[in-house]
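Subject: Structure for you to look at

Hello,

Here is the structure I said I would pass on. Please open it beside this email and follow the notes below.

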Amino acid sequence: MQERARVLIVDDEPFNLEILSEHLSDAGYDVVVAEDGEVAWAILSEDHSFDTVLLDRMMPRMDGMALLARLRQQPEFEHLPVIMQTAVGAAENVREGLAAGAYYYLIKPFQRDMLLAIVAAAVNFHREKSQLDAQLAAQASSYHLLMKGEFHFQTLEEARHLTLLLSNACPEPQRVALGLSELLVNAVEHGNLAISYAEKTRLLQHGRWQDEVEARLTLPEYEHRKVKVAFYREEGEIVFTITDEGVGFEWQPFLEMSPERAFDPHGRGISMARMLSFQSVEYKGTGNQVVARVRPVEP
(Lines give C-alpha, C1' and ligand atoms only; values in the text may rest on other atoms or scores of the structure.)
Protein backbone atom coordinates (compact mmCIF):
# COMPACT_ATOMS: atom_id res chain seq x y z
CA MET A 1 0.00 0.00 0.00
CA GLN A 2 1.49 3.31 -1.09
CA GLU A 3 2.17 5.89 1.60
CA ARG A 4 0.21 9.12 1.50
CA ALA A 5 1.93 11.84 -0.50
CA ARG A 6 3.46 14.57 1.65
CA VAL A 7 3.13 18.28 0.82
CA LEU A 8 4.86 21.21 2.51
CA ILE A 9 2.86 24.45 2.21
CA VAL A 10 4.86 27.65 2.71
CA ASP A 11 2.83 30.87 3.03
CA ASP A 12 2.84 33.85 5.40
CA GLU A 13 -0.95 34.32 5.20
CA PRO A 14 -2.79 32.21 7.84
CA PHE A 15 -5.96 32.13 5.72
CA ASN A 16 -4.08 30.73 2.72
CA LEU A 17 -2.43 28.09 4.90
CA GLU A 18 -5.80 27.10 6.30
CA ILE A 19 -7.66 26.79 3.00
CA LEU A 20 -4.79 25.08 1.15
CA SER A 21 -4.34 22.64 4.02
CA GLU A 22 -8.05 21.88 4.08
CA HIS A 23 -8.29 21.19 0.35
CA LEU A 24 -5.19 19.00 0.27
CA SER A 25 -5.97 17.12 3.48
CA ASP A 26 -9.49 16.39 2.23
CA ALA A 27 -7.91 15.00 -0.96
CA GLY A 28 -5.80 12.57 1.08
CA TYR A 29 -2.45 14.37 1.30
CA ASP A 30 -0.29 14.50 4.41
CA VAL A 31 0.17 18.27 4.89
CA VAL A 32 2.80 20.23 6.84
CA VAL A 33 2.72 24.04 6.95
CA ALA A 34 5.37 26.74 7.38
CA GLU A 35 4.74 30.47 7.73
CA ASP A 36 7.87 31.62 5.89
CA GLY A 37 10.98 30.40 4.07
CA GLU A 38 13.13 30.23 7.20
CA VAL A 39 10.70 27.89 8.94
CA ALA A 40 10.33 25.82 5.76
CA TRP A 41 14.10 25.43 5.40
CA ALA A 42 14.36 24.26 9.01
CA ILE A 43 11.66 21.65 8.33
CA LEU A 44 13.23 20.48 5.07
CA SER A 45 16.67 20.25 6.64
CA GLU A 46 15.33 17.63 9.05
CA ASP A 47 12.78 15.90 6.82
CA HIS A 48 13.55 14.81 3.25
CA SER A 49 10.33 12.85 2.71
CA PHE A 50 8.19 15.53 1.02
CA ASP A 51 6.84 14.88 -2.48
CA THR A 52 6.37 18.54 -3.35
CA VAL A 53 6.53 22.05 -1.90
CA LEU A 54 3.71 24.56 -2.47
CA LEU A 55 5.58 27.83 -2.12
CA ASP A 56 4.37 31.43 -1.85
CA ARG A 57 6.60 33.87 -3.73
CA MET A 58 6.24 36.97 -1.52
CA MET A 59 7.07 36.40 2.17
CA PRO A 60 9.06 38.15 4.93
CA ARG A 61 12.46 36.91 6.17
CA MET A 62 13.10 34.43 3.35
CA ASP A 63 10.86 34.74 0.29
CA GLY A 64 9.93 31.98 -2.14
CA MET A 65 12.68 32.70 -4.66
CA ALA A 66 15.36 32.66 -1.96
CA LEU A 67 14.12 29.33 -0.60
CA LEU A 68 13.94 27.90 -4.12
CA ALA A 69 17.54 28.94 -4.78
CA ARG A 70 18.67 27.27 -1.56
CA LEU A 71 16.81 24.06 -2.44
CA ARG A 72 18.36 23.83 -5.90
CA GLN A 73 21.85 24.14 -4.39
CA GLN A 74 21.34 20.90 -2.42
CA PRO A 75 21.65 17.56 -4.29
CA GLU A 76 18.89 15.92 -2.22
CA PHE A 77 16.42 18.62 -3.33
CA GLU A 78 17.63 19.09 -6.90
CA HIS A 79 14.53 17.46 -8.41
CA LEU A 80 12.01 18.08 -5.63
CA PRO A 81 9.10 19.68 -7.52
CA VAL A 82 8.27 23.18 -6.33
CA ILE A 83 4.88 24.72 -7.10
CA MET A 84 5.20 28.50 -6.96
CA GLN A 85 1.96 30.18 -5.91
CA THR A 86 1.74 33.83 -6.73
CA ALA A 87 -0.70 36.65 -7.34
CA VAL A 88 1.74 38.07 -9.87
CA GLY A 89 0.94 36.60 -13.28
CA ALA A 90 3.32 38.72 -15.34
CA ALA A 91 5.27 36.65 -17.84
CA GLU A 92 8.61 38.00 -16.61
CA ASN A 93 7.95 36.87 -13.03
CA VAL A 94 6.93 33.43 -14.21
CA ARG A 95 9.94 33.22 -16.53
CA GLU A 96 12.22 34.07 -13.61
CA GLY A 97 10.70 31.27 -11.52
CA LEU A 98 10.96 28.75 -14.36
CA ALA A 99 14.62 29.61 -14.86
CA ALA A 100 15.22 29.06 -11.14
CA GLY A 101 13.61 25.60 -11.24
CA ALA A 102 9.94 26.17 -10.33
CA TYR A 103 8.33 24.18 -13.14
CA TYR A 104 4.82 24.28 -11.66
CA TYR A 105 2.78 27.42 -11.02
CA LEU A 106 -0.48 28.19 -9.24
CA ILE A 107 -1.97 31.65 -9.55
CA LYS A 108 -4.08 33.24 -6.82
CA PRO A 109 -7.04 33.14 -6.44
CA PHE A 110 -6.96 29.46 -7.39
CA GLN A 111 -9.68 26.96 -8.23
CA ARG A 112 -9.79 23.79 -6.14
CA ASP A 113 -9.76 21.47 -9.19
CA MET A 114 -6.71 23.20 -10.65
CA LEU A 115 -4.92 23.14 -7.27
CA LEU A 116 -5.46 19.39 -6.99
CA ALA A 117 -4.44 18.77 -10.62
CA ILE A 118 -1.19 20.74 -10.25
CA VAL A 119 -0.29 19.09 -6.93
CA ALA A 120 -1.07 15.65 -8.35
CA ALA A 121 1.15 16.33 -11.38
CA ALA A 122 4.06 17.43 -9.17
CA VAL A 123 3.67 14.46 -6.80
CA ASN A 124 3.45 12.00 -9.70
CA PHE A 125 6.60 13.46 -11.25
CA HIS A 126 8.50 13.10 -7.96
CA ARG A 127 7.28 9.56 -7.25
CA GLU A 128 7.90 8.33 -10.78
CA LYS A 129 11.42 9.73 -10.75
CA SER A 130 12.13 8.21 -7.33
CA GLN A 131 10.84 4.84 -8.53
CA LEU A 132 12.95 4.99 -11.69
CA ASP A 133 16.05 5.93 -9.67
CA ALA A 134 15.51 3.02 -7.29
CA GLN A 135 14.96 0.54 -10.11
CA LEU A 136 18.02 1.78 -11.99
CA ALA A 137 20.18 1.50 -8.87
CA ALA A 138 18.93 -2.04 -8.22
CA GLN A 139 19.78 -3.37 -11.67
CA ALA A 140 23.21 -4.77 -12.35
CA SER A 141 24.37 -2.78 -15.34
CA SER A 142 25.97 -4.68 -18.16
CA TYR A 143 23.84 -2.62 -20.55
CA HIS A 144 26.82 -0.37 -21.25
CA LEU A 145 27.89 -3.18 -23.63
CA LEU A 146 24.86 -2.47 -25.82
CA MET A 147 26.02 -0.90 -29.07
CA LYS A 148 22.96 -0.89 -31.29
CA GLY A 149 19.34 -1.98 -31.11
CA GLU A 150 15.79 -1.41 -32.32
CA PHE A 151 12.78 -1.73 -30.02
CA HIS A 152 9.01 -1.57 -30.59
CA PHE A 153 6.42 -0.96 -27.86
CA GLN A 154 2.80 0.14 -27.35
CA THR A 155 1.92 0.67 -23.69
CA LEU A 156 3.02 2.94 -20.84
CA GLU A 157 4.26 -0.09 -18.90
CA GLU A 158 6.42 -1.14 -21.85
CA ALA A 159 7.71 2.45 -22.06
CA ARG A 160 8.81 2.21 -18.41
CA HIS A 161 10.65 -1.09 -18.98
CA LEU A 162 12.39 0.29 -22.05
CA THR A 163 13.36 3.45 -20.16
CA LEU A 164 15.09 1.32 -17.51
CA LEU A 165 16.92 -0.80 -20.05
CA LEU A 166 18.18 1.98 -22.30
CA SER A 167 18.99 4.46 -19.52
CA ASN A 168 21.28 1.86 -17.96
CA ALA A 169 23.22 1.82 -21.23
CA CYS A 170 24.07 5.51 -20.71
CA PRO A 171 26.36 7.47 -18.43
CA GLU A 172 24.35 8.97 -15.54
CA PRO A 173 21.32 6.70 -16.09
CA GLN A 174 19.14 8.58 -13.55
CA ARG A 175 19.57 11.80 -15.50
CA VAL A 176 18.84 10.17 -18.86
CA ALA A 177 15.82 8.24 -17.53
CA LEU A 178 14.06 11.46 -16.54
CA GLY A 179 13.95 12.74 -20.11
CA LEU A 180 13.75 9.44 -21.96
CA SER A 181 10.61 8.48 -20.05
CA GLU A 182 8.98 11.77 -21.07
CA LEU A 183 9.77 11.29 -24.76
CA LEU A 184 8.54 7.68 -24.80
CA VAL A 185 5.29 8.54 -23.00
CA ASN A 186 4.71 11.50 -25.36
CA ALA A 187 5.10 9.15 -28.34
CA VAL A 188 2.33 6.93 -26.94
CA GLU A 189 -0.19 9.48 -25.66
CA HIS A 190 0.18 12.42 -28.05
CA GLY A 191 1.57 10.45 -30.99
CA ASN A 192 -0.05 7.05 -31.41
CA LEU A 193 -3.17 7.74 -29.33
CA ALA A 194 -3.76 11.31 -30.58
CA ILE A 195 -4.53 12.79 -27.15
CA SER A 196 -4.30 16.55 -27.67
CA TYR A 197 -2.80 19.03 -25.23
CA ALA A 198 -6.24 20.40 -24.30
CA GLU A 199 -7.64 16.89 -23.88
CA LYS A 200 -4.82 15.91 -21.52
CA THR A 201 -5.40 19.06 -19.46
CA ARG A 202 -9.06 18.12 -18.98
CA LEU A 203 -8.26 14.47 -18.29
CA LEU A 204 -5.72 15.36 -15.60
CA GLN A 205 -8.11 17.79 -13.94
CA HIS A 206 -10.67 14.97 -13.66
CA GLY A 207 -8.16 12.24 -12.77
CA ARG A 208 -8.92 10.27 -15.94
CA TRP A 209 -5.70 10.43 -17.98
CA GLN A 210 -4.49 6.89 -17.26
CA ASP A 211 -7.95 5.44 -17.92
CA GLU A 212 -8.19 7.25 -21.26
CA VAL A 213 -4.77 5.99 -22.37
CA GLU A 214 -5.72 2.40 -21.51
CA ALA A 215 -9.10 2.76 -23.28
CA ARG A 216 -7.60 4.14 -26.50
CA LEU A 217 -5.03 1.34 -26.65
CA THR A 218 -7.96 -1.05 -27.28
CA LEU A 219 -9.64 0.98 -30.05
CA PRO A 220 -9.36 -0.40 -33.62
CA GLU A 221 -7.79 2.81 -34.97
CA TYR A 222 -4.98 2.72 -32.40
CA GLU A 223 -4.50 -0.89 -31.24
CA HIS A 224 -1.92 -1.80 -33.90
CA ARG A 225 0.18 1.36 -33.60
CA LYS A 226 3.66 1.01 -32.14
CA VAL A 227 6.49 3.32 -31.16
CA LYS A 228 9.88 2.43 -32.67
CA VAL A 229 13.05 3.29 -30.75
CA ALA A 230 16.42 3.01 -32.46
CA PHE A 231 19.49 3.08 -30.20
CA TYR A 232 23.07 3.28 -31.30
CA ARG A 233 26.37 4.13 -29.70
CA GLU A 234 29.03 5.86 -31.71
CA GLU A 235 32.26 7.54 -30.79
CA GLY A 236 31.49 10.45 -28.50
CA GLU A 237 27.72 10.02 -28.11
CA ILE A 238 24.64 7.82 -27.76
CA VAL A 239 21.71 8.53 -30.08
CA PHE A 240 18.02 7.70 -29.55
CA THR A 241 15.62 8.00 -32.49
CA ILE A 242 11.98 7.69 -31.37
CA THR A 243 9.30 7.38 -34.05
CA ASP A 244 5.54 7.09 -33.50
CA GLU A 245 2.75 6.38 -36.00
CA GLY A 246 0.75 9.55 -35.36
CA VAL A 247 0.36 12.57 -37.62
CA GLY A 248 2.78 14.70 -35.59
CA PHE A 249 2.24 17.93 -33.67
CA GLU A 250 3.44 21.52 -33.49
CA TRP A 251 6.54 20.75 -31.45
CA GLN A 252 8.38 24.09 -31.62
CA PRO A 253 6.69 25.79 -28.62
CA PHE A 254 7.47 22.85 -26.31
CA LEU A 255 11.27 23.00 -26.61
CA GLU A 256 11.46 25.83 -24.06
CA MET A 257 9.81 26.37 -20.68
CA SER A 258 6.87 28.66 -21.38
CA PRO A 259 5.22 31.12 -18.95
CA GLU A 260 1.96 30.54 -20.84
CA ARG A 261 1.98 26.83 -19.89
CA ALA A 262 3.41 27.26 -16.38
CA PHE A 263 -0.06 27.08 -14.80
CA ASP A 264 -1.03 23.85 -16.62
CA PRO A 265 -0.63 20.44 -14.93
CA HIS A 266 1.54 19.21 -17.84
CA GLY A 267 3.41 20.51 -20.90
CA ARG A 268 6.94 20.77 -19.47
CA GLY A 269 8.27 17.28 -20.25
CA ILE A 270 10.01 17.98 -23.58
CA SER A 271 11.72 21.13 -22.32
CA MET A 272 12.83 19.35 -19.13
CA ALA A 273 14.24 16.48 -21.20
CA ARG A 274 16.14 18.97 -23.31
CA MET A 275 17.49 20.89 -20.30
CA LEU A 276 18.22 18.08 -17.87
CA SER A 277 18.73 14.81 -19.75
CA PHE A 278 20.14 15.27 -23.25
CA GLN A 279 22.71 17.37 -25.06
CA SER A 280 20.14 17.91 -27.80
CA VAL A 281 16.51 17.07 -28.61
CA GLU A 282 15.59 17.52 -32.28
CA TYR A 283 12.17 16.88 -33.80
CA LYS A 284 11.92 15.88 -37.45
CA GLY A 285 9.25 16.61 -40.05
CA THR A 286 5.74 16.89 -38.61
CA GLY A 287 6.95 15.95 -35.11
CA ASN A 288 6.32 12.21 -35.10
CA GLN A 289 10.08 11.54 -34.87
CA VAL A 290 12.53 12.89 -32.31
CA VAL A 291 16.30 12.42 -32.06
CA ALA A 292 17.88 12.77 -28.61
CA ARG A 293 21.64 12.69 -28.02
CA VAL A 294 23.66 11.81 -24.92
CA ARG A 295 27.36 12.48 -24.64
CA PRO A 296 29.66 10.85 -22.09
CA VAL A 297 30.33 12.82 -18.92
CA GLU A 298 33.53 14.82 -19.10
CA PRO A 299 36.16 13.45 -16.68
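The buried residues of α9 are covered by parts of the chain that include α6 (156-167), α7 (173-192) and α8 (197-205). Please keep in mind that this is a predicted model.

Helix α9 itself spans residues 209-216, and its buried residues are W209, E212, V213 and R216. These residues lie on the same side of α9, because the arc they cover around the axis is only 100°.

Next, α8 and α9 as a pair. Two packed helices are described by the distance between their axes and by the angle between those axes. For α8 and α9, the axes come within 7 Å and the crossing angle is roughly 125°. That angle makes α8 oblique to α9. On the α8 side, the residues in contact are E199, K200, L203 and L204, and they meet W209, E212 and R216 of α9. Sorted by class, this contact has four charged residues, three nonpolar ones and no polar ones.

The other place to look at is A5, which sits in the segment before β1 (6-10). Is A5 buried or exposed? Its relative accessible area is 9%, and buried means under 20%, so A5 counts as buried. Apart from neighbours within four places in sequence, A5 is in contact with Y29, D30, D51, V123 and R127. As for F153, this residue is 148 residues from A5 along the chain, and the C-alpha atoms of the two are separated by 31 Å.

Regards

Conventions
Residues numbered from 1 in each chain as written. Predicted model: local features only at pLDDT ≥ 70, side-chain atom pairs only at ≥ 80, totals over all residues. Heavy atoms only, no water. Buried < 20%, exposed > 50% of the residue type's maximum accessible area, 1.4 Å probe, protein only. Helix = DSSP H or I, 4+ residues; strand = E, 2+ residues; numbered from the N terminus. Arc of directions from axis to C-beta. Contact = heavy atoms within 4.5 Å. Axes fitted to C-alpha atoms, helices over the stretch in contact; angles between N-to-C directions. Parallel < 35°, antiparallel > 145°, perpendicular 65-115°, else oblique. Nonpolar A, V, L, I, M, F, W, Y, C, P; charged D, E, K, R; others polar.
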